[in-house]
Amino acid sequence: AKASLILKRRSFDVAADGRVSAQLQLEDFLRTQSGGRALAGPATIELSVEGAGRSPAGILSALSGSGRYTMGAGVLGGVNVPAFANGLAKLKNAKAFDELVASRFGEGNLVIAGGNGKITVESGVLKASELLIDAAGASGKLRMLADLPSGEVDISSLLEWATVSATAVGS
């Protein structure tokens, strides 16, 4: 990984200009709140940012910039498409749905092909363009946001199950 950060003290604040070029394994950085693997696989990131503030948190909150990412084949943790689809077909009520989500999402891994896209940073929030998912049993989108001052990362996925028919859901 290569990174550079130039700080310039000005009369009322500090200006920052940074560059990052890194190859990394996503599982080393992205975990669920319970410590499980949220997203795993190789990634390359190229990013340039700049901002100014009166404190480290102020500088992070003011960062803006852009870059690109490439993700190789990987795994979206906590998604078991066949088990979820089978459970969905047998639902009787809303409580059963809540139980299904709690029990079936934590036990599997969805293999995804990877892809590439843009990264934007505005007001200290990093946003990666959507990664299209085309996996066995599901397709959809993966979204990622990171609040740089707090270090919080939000990964969300919107999936369509290919294995559930409309008649199975309605029965």
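**Salt bridges and sheet**

Guide: Start with a contact in this predicted model. Arg143 and Glu130 make a salt bridge, with 2.5 Å between the closest N and O atoms.

Visitor: Which strands does the pair of Arg143 and Glu130 tie together?
Guide: The two residues are 13 residues apart in sequence. Arg143 belongs to β10, and Glu130 to β9, so the pair ties together strands β10 and β9.

Visitor: Is Asp13 buried or exposed?
Guide: Asp13 meets Arg10 in a salt bridge, 2.8 Å from N to O. Arg10 is partly exposed at 38% relative accessibility. The cut-off for buried is under 20%. Asp13 has 9% relative accessibility, so Asp13 counts as buried.

Visitor: Which strands stand at the edges of the sheet?
Guide: Eight strands form an open, antiparallel sheet in the order β1-β2-β4-β5-β8-β9-β10-β11. An edge strand here has a single partner, so one side is left without a neighbour in the sheet. The edge strands are β1 (2-9) and β11 (152-161).

Visitor: What is the bridge partner of Gly65 in β8?
Guide: Strands β5 (residues 64-71) and β8 (residues 115-122) pair in the antiparallel sense. Seven bridges join them. In β8, the partner of Gly65 is Val121.

Conventions
Residues numbered from 1 in each chain as written. Predicted model: local features only at pLDDT ≥ 70, side-chain atom pairs only at ≥ 80, totals over all residues. Heavy atoms only, no water. Pairing = 2+ DSSP bridges. Helix = DSSP H or I, 4+ residues; strand = E, 2+ residues; numbered from the N terminus. Salt bridge = Lys/Arg side-chain N within 4 Å of Asp/Glu carboxyl O. Buried < 20%, exposed > 50% of the residue type's maximum accessible area, 1.4 Å probe, protein only.
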